[in-house]
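Here are some comments for a colleague who has the coordinates open. The points below go through a few residues in turn, and each can be checked against the model.

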Amino acid sequence: MKHILPLAAAAAALTLAACNNEPEVIDTRPRDPYAAELANAAPVELPPAMKASVSFRCKDNSLLYVDFFQGDKLANLRTEKGGTPVALRAEEAGQPLTGEGYSLTGDEENITVTMPEKGELTCHV
């Protein structure tokens, strides 16, 4: 019994001596394969917020529905309520909004719109 206690202490010392004193670090986060591309990507511009959604009555008694956006460089034009919108854009604020054969000038009160099937119309709220 006298020899067992020193042998057990020696065995415990050997197992502790075999340990590395540095902590083991385990990284469970997966590496992002696109991290470098994202870091070098150009900044993204968010779409503008909607400023107003207006219904217009035109001189030929038709209705137009226009969604105006902040910045005055984008509007969506619909010829029917709930219809497919036509996106109209301008390079600078104040210039006519154009797209797919359509042209629109004006504001939330009065517009002048040119459409492929009807020509030029003046419309108001």
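Where is asparagine 61 found?

1. Asparagine 61 is found in the loop between S1 and S2. The model under review is a predicted one, and the backbone angle that it gives for this residue deserves a look, since phi of asparagine 61 is near 75°, a positive value in a residue other than glycine. Most residues other than glycine have a negative phi. Asparagine 61 is exposed, because its relative accessible area is 55% and the cut-off for that class is over 50%.

2. Aspartate 72 also calls for comment on its backbone, as its phi is near 55°, a positive value in a residue other than glycine. The place of aspartate 72 is in the loop between S2 and S3. With a relative accessible area of 38%, aspartate 72 counts as partly exposed.

3. The side chain of aspartate 72 takes part in a salt bridge with lysine 51, in which the closest N and O atoms are 2.4 Å apart. This pair links distant parts of the chain, given that aspartate 72 sits in the loop between strand S2 (63-69) and S3 while lysine 51 belongs to strand S1 (residues 50-58), 21 residues apart. Lysine 51 has a relative accessibility of 34% and is therefore classed as partly exposed.

4. Lysine 51 has a further partner, glutamate 108, and the two side chains meet in a salt bridge at 3.3 Å, N to O. Here too the pair links distant parts of the chain, with lysine 51 in strand S1 and glutamate 108 in the loop between strand S6 (102-106) and strand S7 (110-115), 57 residues apart. Glutamate 108 is partly exposed, at 25% relative accessibility. Taken together, Lys51, Asp72 and Glu108 are linked in a network of salt bridges.

5. A salt bridge also joins the side chains of lysine 118 and aspartate 60, with an N to O distance of 3.7 Å. Because lysine 118 lies in the loop between S7 and strand S8 (119-124) and aspartate 60 in the loop between S1 and S2, the pair ties together parts that are 58 residues apart in sequence. Lysine 118 is partly exposed, with a relative accessible area of 42%, and aspartate 60 is likewise partly exposed, at 39% relative accessibility. By the rule applied, the count of salt bridges in the model comes to four.

6. Leaving aside residues up to four places away in sequence, asparagine 76 touches Tyr65, Val66, Asp67, Phe69, Pro85, Val86 and Ala87.

7. Phenylalanine 56 lies in strand S1 and is buried, with a relative accessible area of 0%. The C-alpha atoms of phenylalanine 56 and valine 66 are separated by 7.8 Å, and these residues are ten apart along the chain. Valine 66 is also one of the residues that asparagine 76 touches.

Technical notes: Residues are numbered from 1 along each chain as its sequence is written. This is a predicted model: local features need pLDDT of at least 70, side-chain atom pairs count only at pLDDT 80 or more; totals for chains, interfaces and linings use all residues. Side-chain values use heavy atoms; hydrogens and water are left out. Contact means heavy atoms within 4.5 Å. Helices (H or I, at least four residues) and strands (E, at least two) are DSSP runs, numbered from the N terminus. Buried means under 20% relative accessible area, exposed over 50%, partly exposed in between (1.4 Å probe, protein chains only).
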